[in-house]
Amino acid sequence: MKIVKLILISVVVFFLLMTAFSSLLPSHITISRAIDISATAKEISAQITDLRKWPQWNTYVNAFPPADFFADSIKNASLSVRRIFSDDQLVKTSWQQNQKSFPAAFRLIPQQSVTTVQWYFEFTFKWYPWEKFGSIVYDKQLGPEMEQSLLNLKRLLEKAP
């Protein structure tokens, strides 16, 4: 009985320590990547706004085939993307994957000879320690896919090999 009591107390203390430590981690994170593209904001917006064109450059959505691509949404069994707002300088989308929803957006910043394209995801977490600790790896998971997708978009729009 002493061993069971010790194990139970240890589990409770461990959970409380992990909860206290995870409270130091932020509840909201933004993962962002940007690239300069030698094209106008209008040309870039045309590629980003029409979600049917995403398979040409977006490696993240291509990782979930087969999918149905529509002008304003992408749907398959495990991933759903919906465009909720767009103009020449901002395209907002709502993503749903594995029962979790999170917003994302593309911000287009025109400059003299290039347009900076910033792509970002926003995540909000509950107080649960496993959610907050899981957030630590989000940048490592999404970052390379975002970088490669933006590079593909740049090559597509600049007609580079």
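Trainee: What makes the contact of Arg33 with Asp139 a salt bridge?

Mentor: The term requires a side-chain nitrogen of Lys or Arg within 4 Å of a carboxyl oxygen of Asp or Glu, and the closest N and O atoms of Arg33 and Asp139 are 3.2 Å apart, so the pair qualifies. Arg33 lies in strand E1 (residues 28-37) and Asp139 in helix H5 (residues 138-158), so this contact ties together parts 106 residues apart in sequence; helices (H or I, at least four residues) and strands (E, at least two) are DSSP runs, numbered from the N terminus.

Mentor: The model is predicted, with local features needing pLDDT of at least 70 and side-chain atom pairs counting only at pLDDT 80 or more, while totals for chains, interfaces and linings use all residues. Residues are numbered from 1 along each chain as its sequence is written, and side-chain values use heavy atoms, leaving out hydrogens and water.

Trainee: Why is Arg33 called buried?

Mentor: Buried means under 20% relative accessible area, exposed over 50%, and partly exposed in between (1.4 Å probe, protein chains only); Arg33 has 17%, and therefore counts as buried. Asp139, at 31%, is partly exposed.
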